[in-house]
Amino acid sequence: MDEVKNIVDTTQFIVIKIGNEQFGIDIKFIDNIVRMQSITRVPKVPEYFKGVINLRGEVIPVMSLRLKMGLELDEYTKTTRIIIIKLEQHEGIGVIVDEVKEVVTLETEQIEKLSYDKDEKQTFVYGVGKVDNSLISLLDLNAVLAEPQA
Amino acid sequence: MDVSQYLEIFLDESKEHLQNLNTQILELEQDSENMDVINEIFRAAHSLKGMAGTMGYKRMQALTHDMENVFSEVRNGTIKVKANMIDILFQCLDALEEYVSSIQETTDEGTNDNEAIIKMLNDILNGTDTGEAPAAKKEAPVAAEAKEEGAEPWKKIKLGSTEVSVIKAAREKGNEVYGITVYVQESCLLKAARSFLVFKTLEESGEIIVSDPVVQDIEDEKFDLDFSIIYLSDEPFETIINKIKNVSEIDKVIASPVDLSEFDIEEEEVIENSKEEADEENEDMTDGKAPGTTVAAPSKQEKKQAVAKPIVNRTVRVDIEKLDVLMNLVSELIIAKNSLVSASAVEETANTTFNEQIEYLESVTTNLHESVMKVRMVPIESVLTKFPRMIRDLSKKLDKKMELYMTGEDTELDRTVVDEIGDPLMHLLRNSADHGLESAEVRRAKGKNETGTIFLNAYQDGNNVIIEVGDDGNGIDIEAVKNKAIERGTITAEQAENMTDKDIVDLLFLPSFSTAKEVSDVSGRGVGLDVVRSKIEALSGEVEVKTKLGAGSTWTIRLPLTLAIIQALMVMVGNEKYAISLGSIETIENITPQEIKQVQSKEVINLRGNVIPIIRLADVLDIEPTRGENDSMVVVIVKKGEKLAGIVVDELMGQQEIVIKSLGKYINKCKMISGATILGDGEVALILDANALF
């Protein structure tokens with residue numbers, strides 16, 4: 001009985017780090033995780049688009065999660081990774097993160113949905129997951145990838 | 001074996017035949033006595049009927065059958081072609097097109113019997129007193145003639161001991177054993193499907209013991225025009241013959257009971273037997289209603305036609321997806337080749353043979369690419385052929401006199417482009433017919449020819465294909481457009497003051513902008529030119545319009561020949577690499593800063609008498625300049641139509657074949673960048689759209 005419940009009610013997240021905050025990305029939207037590589041700048045696009053990369057013969061756009069969230073510029077280190085995200089019906093897009101930590105499995109009870117407040121950067125997060133003693137902000141990818149309202 | 005595997009061929013060929021019918025009937029309208037045209041129509045209608053029959057589309061078959069009957073009479077001279085008949089025939093074609101599209105979508109022909117059209121066709125037929133008799137009479141000698149050819153082919157079938165014992169066993173049970181040879185019509189398109197139907201019919205009431213060629217070969221169409229079978233059944237002889245003849249496009253059937261000893265005895269018996277058979281056939285034929293007759297008559301006609309027909313190139317139908325796969329592979333190959341080239345450039349130790357081999361590989365991949373491109377090219381004709389009919393209909397609907405002149409139907413374009421270009425062209429033609437051309441009275445008053453001219457010219461120009469659509473109508477009324485735009489609030493009156501005529505004409509391409517005072521169902525619902533433009537831009541093309549009030553307008557569509565792989569010039573700007581399509585490059589010049597002049601606070605150079613505006617790539621692309629103010633500059637002169645512009649770059653890196661990749665919609669915001677490509681070292685370089693810089 002318990003097992004059945006587990007299968008139905010859990011979601012797996014990849015935990016990433018940006019600055020000191022931990023974020024979770026639903027694993028079903030993740031296509032790939034690659035190391036930092038050379039990015040070709042594309043002119044005349046919003047600043048948070050860092051450009052395009054060559055992912056095994058495909059040209060994939062890459063955005064900086066930090067800039068999109070209004071944080072300071074990325075500093076590329078050896079832990080920096082590009083997470084390739086594929087939402088259904090969409091083409092792939094890369095997201096630069098400071099570090100990829102682990103995969104966690106959260107049960108529904110461990111996720112607390114957030115009611116939206118006015119703080120703009122908070123709208124990228126739809127909930128908070130509690131694992132042991134740490135908190136993971138769960139990213140709303142549709143909001144992250146959407147165009148900012150002008 | 002299943003008929004559905006022929007569905008695609010059926011659809012393709014039906015469409016071709018319908019298109020052909022459209023063209024021919026239009027021609028017939030001009031020249032109602034032209035026997036060649038009439039014969040061609042008859043042939044197309046007949047093939048359509050045959051194919052519909054094979055595939056089991058009864059309604060479609062019935063309609064084409066009646067159409068064919070009408071033309072059979074026209075051909076015999078018993079009916080004259082009249083204007084109302086042409087209209088009915090066009091309705092007929094529309095109905096057939098409906099069937100075909102319904103089959104394409106649902107594999108079912110739908111339930112519309114089109115009785116009204118069939119009745120009209122029959123009315124035409126009944127206007128004459130000769131029924132089908134003449135056609136039937138002709139048939140008889142043909143059949144008899146064939147009979148005299150000699151032995152029945154089925155007797156050549158070699159019977160093994162198993163077959164012999166099966167035959168003997170059947171005899172004992174009171175079943176009869178027949179030898180049958182079926183001749184398929186020479187014009188038959190789906191021979192295998194036909195013979196399949198024959199087999200199926202026979203198997204319903206008996207058993208096929210052996211066939212020649214073997215069943216597998218028949219299924220693979222590995223037979224000429226006839227096949228023979230030994231067949232076991234308890235049905236009477238005539239029933240079987242008639243059953244086979246019920247399958248359409250069967251030329252004739254020779255059959256007789258098998259006498260096992262016959263396989264060993266002399267010719268005499270054989271001939272006697274076949275004469276008997278011939279008599280039987282004759283009886284069948286002369287009563288006029290035998291299913292074989294209507295089918296067999298045209299076969300004679302078609303043999304005659306076949307001689308006159310030009311020799312067609314041998315072709316293979318290939319699924320476009322397979323070509324796409326091939327194209328992608330070629331792209332991959334080119335990327336791999338490029339990385340080899342750059343690797344060899346780095347390796348200083350690389351010996352000459354290695355370099356030679358790389359050069360060889362380079363020429364092979366280039367040729368391969370060209371061939372694959374050519375395979376994908378189809379003449380634009382397939383799109384254009386439907387337009388004369390459309391203009392004819394529009395002419396009636398709008399009650400204007402107009403004539404369509406087309407040239408360059410054989411201009412070739414990538415298949416994907418040809419598939420997409422139909423709608424925009426149709427829209428422009430409708431526009432010309434509806435808005436462009438004036439009514440006959442107005443034209444007369446203006447001293448123009450009452451019949452308006454609409455033209456469509458297609459031709460190749462370097463790496464582009466140009467399609468011009470235009471008319472000799474009234475042209476675009478710039479003032480009317482301007483007023484309309486102001487009235488709608490698209491532009492303000494002050495803005496309008498400063499706009500050139502060209503700017504104003506460009507307003508027409510904005511969404512929901514139509515100058516037609518009344519909305520008609522031909523064009524002018526406000527969803528128009530903007531759709532045309534976006535469609536053409538989606539094909540990496542562009543559209544321009546030239547107009548002269550009172551004299552007409554010309555729309556010029558410029559499309560790239562290829563979509564996937566281009567020759568490009570690689571340039572450096574700052575630390576970034578960009579590709580510029582060679583197709584748009586005119587020349588490359590070295591310029592000193594002193595040669596740059598200011599005109600209306602814009603930088604220009606005077607190049608051999610041409611004043612050319614200068615675009616500093618570093619500025620428009622926000623690149624940190626790495627060069628000093630006074631260094632000489634490399635300027636790439638690009639052209640768009642007749643206009644030139646100079647692009648200032650830092651360094652030339654050479655020519656390269658590049659594979660165009662989309663940037664994807666997330667980041668596709670910059671109009672100057674048309675895509676990206678992957679270089680030999682794996683780096684991504686952006687492709688500059690020179691046209692967007694103007």
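Strand β17 (residues 610–616) of chain B and strand β19 of chain B pair in the parallel sense over three bridges; two strands count as paired if DSSP finds at least two bridges between them. Strands here are DSSP runs of E of at least two residues, and helices are runs of H or I of at least four residues, each numbered from the N terminus. The model is predicted: local features need pLDDT of at least 70, side-chain atom pairs count only at pLDDT 80 or more, and totals for chains, interfaces and linings use all residues. Residues are numbered from 1 along each chain as its sequence is written, while chains are lettered from A and ligands numbered from 1 in the order in which they are written.

- B:Lys640 stands opposite B:Lys643 in β19(B).
- Two residues lie between the strands in the hairpin of β18(B) and β19(B), where B:Gly641 takes a positive phi near 60 degrees.
- Five of the seven residues of β19(B) (residues 643–649) are buried, so this strand is largely enclosed by the rest of the structure. A residue is buried if 20 or more other C-beta atoms lie within 10 Å of its own, exposed if 12 or fewer, and partly exposed in between, with C-beta atoms placed from the backbone.

**Strand β22 of chain B**

- Five of the five residues of β22(B) are buried, so β22(B) is largely enclosed by the rest of the structure.
- Burial applies to both faces of β22(B): B:Val684, B:Leu686 and B:Leu688 lie on one side, and B:Ala685 and B:Ile687 on the other.
- In a regular strand the side chains alternate between the two faces of the sheet.
- Strand β13 (residues 576–581) of chain B runs parallel to β22(B) and is joined to it by three bridges; B:Tyr578 stands opposite B:Leu686.
- β21(B) pairs with β22(B) in the antiparallel sense over five bridges, and B:Thr677 stands opposite B:Ala685.
- The hairpin of β21(B) and β22(B) has five residues between the strands, and B:Gly682 takes a positive phi near 90 degrees there.

**Contact between chains A and B**

- Chain B gives 21 residues to the contact and chain A gives 16 residues; two residues are in contact if their C-beta atoms, placed from the backbone, lie within 7 Å.
- On the chain B side, α13 (320–346), β21 (673–678) and β22 (684–688) each supply at least two residues.
- The side of chain B that touches chain A has 12 nonpolar, two polar and seven charged residues. Ala, Val, Leu, Ile, Met, Phe, Trp, Tyr, Cys and Pro count as nonpolar, Asp, Glu, Lys and Arg as charged, and the others, Gly among them, as polar.

**Helices α1 and α4 of chain B**

- The axes of α1 (residues 7–30) and α4 (residues 83–106) of chain B come within 11 Å and cross at roughly 165 degrees. Axes are lines fitted to C-alpha atoms, for helices over the stretch in contact, and angles run from 0 to 180 degrees between N-to-C directions.
- α1(B) and α4(B) are therefore roughly antiparallel to each other, a term for angles over 145 degrees.
- Among the contact residues are B:Leu11, B:Leu18 and B:Ile25 of α1(B), and B:Ile86, B:Phe90 and B:Val100 of α4(B).
- The residues of this contact divide into 12 nonpolar, three polar and three charged.

**The sheet of chain A**

- Six strands of chain A form an open sheet of mixed pairing, in the order β8-β1-β2-β11-β10-β9.
- β8 (99–107) and β9 (111–113) of chain A stand at the edges, each with a single partner strand, so one side of each is left without a neighbour in the sheet.
- Neighbouring strands of this sheet are turned by 35 degrees against each other on average, direction ignored.
- β9(A) pairs with β10 (residues 125–131) of chain A in the antiparallel sense over three bridges, and A:Val128 in β10(A) is the bridge partner of A:Glu112.

**Chain totals**

- Chain B comprises 23 helices and 22 strands, and buried residues make up 35% of its 694 residues.
- Chain A has three helices and 11 strands, and buried residues make up 30% of its 150 residues.

How values were computed: Parallel < 35°, antiparallel > 145°, perpendicular 65-115°, else oblique.
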